[in-house]
Amino acid sequence: MRHDVPTQMAAPDPLPDPASAPAPALATRKQRIAAGVRDSFSAGLGIFPLGIALGLLVIQAGLPWWLAPALSLSAFAGSLELLLVGMVAAVTPLASIALTVLVVNFRHVFYAFSFPLHLVRNPFAKAYAVYAMIDEAYAVNASLPEAERSAPRMLAMQIACEVYWVGGGLIGVALGAALPGPIKGLEFALCALFTVLTLDAFRSRHEVHSVLLAGASVTVALVLTPGVALFTALLLFVALLLARHAFTTRRPACRAAEEAVDA
């Protein structure tokens with residue numbers, strides 16, 4: 001006799017729980033934002049004291065306290081804002097202020113040539129990236145490898161830098177109102193910050209030739225045009241970099257032509 005044995009049906013696989021499903025894109029974005037905040041720490045060590053110095057200078061110059069955050073938001077450039085405090089306190093003519101702004105911030109034009117704005121797709125985010133393209137943000141981003149750059153990381157670093165600057169200015173205003181006497185020497189943090197960022201960029205890129213060209217440009221500018229040394233040094237440095245680029249790209253072409261003729 002044959003007995004029919006019911007076939008055992010395999011139990012269907014359980015459906016994955018949407019709550020427990022991984023979200024790689026979201027995690028990657030969060031990791032990039034966290035990396036951008038970490039990138040800002042090295043620059044923030046100099047930006048935050050500079051913001052405090054700005055707030056102190058505003059109070060010591062007898063200007064209203066709200067001028068510190070107003071300058072920080074309207075003209076997000078540390079070296080320029082420190083100059084503007086003294087010029088506003090001295091009631092400098094607007095034409096002189098405009099010329100100073102042009103000379104001091106003209107270097108930002110050259111930043112746009114190599115700053116990775118193409119990574120930012122959103123037009124509003126790109127506008128903010130242009131607005132927050134300060135020296136520190138450029139130097140920190142230049143030290144990153146090309147494969148590690150991204151829009152969330154860059155924007156998070158820029159936002160963090162602005163928070164350091166604005167927050168430092170507000171703390172400086174509070175300290176200036178509380179302390180009985182003026183504090184001097186904090187303005188040296190700007191020079192120290194640029195020195196540290198330059199050394200970091202040099203260590204990551206190992207570009208000895210670029211450092212030598214920059215030193216030669218500054219030396220010539222200080223000797224020939226001491227009044228507008230920064231402007232002259234930038235123009236000369238860009239000209240030297242373009243000449244170096246043309247020379248380095250021309251040599252392989254000449255070698256290839258010589259090898260083709262020999263063959």
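A salt bridge here is a side-chain nitrogen of Lys or Arg within 4 Å of a carboxyl oxygen of Asp or Glu. Keep that cut-off in mind for the pair Arg 153 and Glu 148, whose side chains meet at 3.6 Å, N to O. That distance counts as a salt bridge because the limit is 4 Å. One caution before I go on: this is a predicted model.

Let me stay with the charged side chains. How many salt bridges does a search of the whole structure find? The search finds 3.

Arg 153 also forms a salt bridge with Asp 39, and there the closest N and O atoms are 2.6 Å apart. Arg 153 lies in helix α8, residues 151-178, while Asp 39 lies in helix α1, residues 24-60, so this pair ties together parts that are 114 residues apart in sequence. Are these two residues buried or exposed? Arg 153 is buried, with a relative accessible area of 13%. Asp 39 counts as buried too, at 14% relative accessibility. Glu 148, on the other hand, counts as partly exposed at 41%. Taken together, Asp 39, Glu 148 and Arg 153 are linked in a network of salt bridges.

There is also a salt bridge between the side chains of Glu 146 and Arg 149, at 3.2 Å from N to O. Glu 146 is exposed, with a relative accessible area of 53%, whereas Arg 149 counts as buried at 14% relative accessibility.

Next, the aromatic residues. Searching the whole structure gives 3 aromatic pairs. I will describe two of them.

Phe 76 and Tyr 131 form a tilted pair, 5.9 Å centre to centre, with 40 degrees between the planes. Where in the chain do Phe 76 and Tyr 131 sit? Phe 76 is in the loop between α2 (67-74) and α3 (78-89), and Tyr 131 is in helix α6, residues 123-131. The two are 55 residues apart, and the pair links distant parts of the chain. Phe 76 is buried, its relative accessible area being 7%. Tyr 131 counts as partly exposed, with 30% relative accessibility.

Phe 115 and Tyr 138 make a stacked pair, 6.3 Å centre to centre, with 25 degrees between the planes. Phe 115 lies in the loop between α5 (108-114) and α6, and Tyr 138 in helix α7, residues 135-142, so the pair ties together parts 23 residues apart in sequence. Phe 115 counts as buried at 5% relative accessibility. Tyr 138, with a relative accessible area of 22%, is partly exposed.

Going back to Phe 76, this residue forms one aromatic cluster with Tyr 128 and Tyr 131.

Last, helix α10, residues 208-224. At 1.5 Å a residue, its 17 residues should span 24 Å, and the end C-alpha atoms are 24 Å apart, which agrees. Which residues of α10 are buried? They are Ser 210, Ser 217 and Ala 221. Looking down the axis of α10, the buried residues fall within an arc of 30 degrees, so they line one face of the helix. On the other side of α10, Leu 212, Leu 222 and Val 223 are exposed.

To recap: the salt-bridge network joins Asp 39, Glu 148 and Arg 153, the aromatic cluster holds Phe 76, Tyr 128 and Tyr 131, and the buried residues of α10 line one face of that helix.

Notes. Residues numbered from 1 in each chain as written. Predicted model: local features only at pLDDT ≥ 70, side-chain atom pairs only at ≥ 80, totals over all residues. Heavy atoms only, no water. Phe/Tyr/Trp six-rings, centres within 6.5 Å; stacked < 30°, edge-to-face > 60°. Helix = DSSP H or I, 4+ residues; strand = E, 2+ residues; numbered from the N terminus. Buried < 20%, exposed > 50% of the residue type's maximum accessible area, 1.4 Å probe, protein only. Expected span 1.5 Å × (residues − 1). Arc of directions from axis to C-beta.
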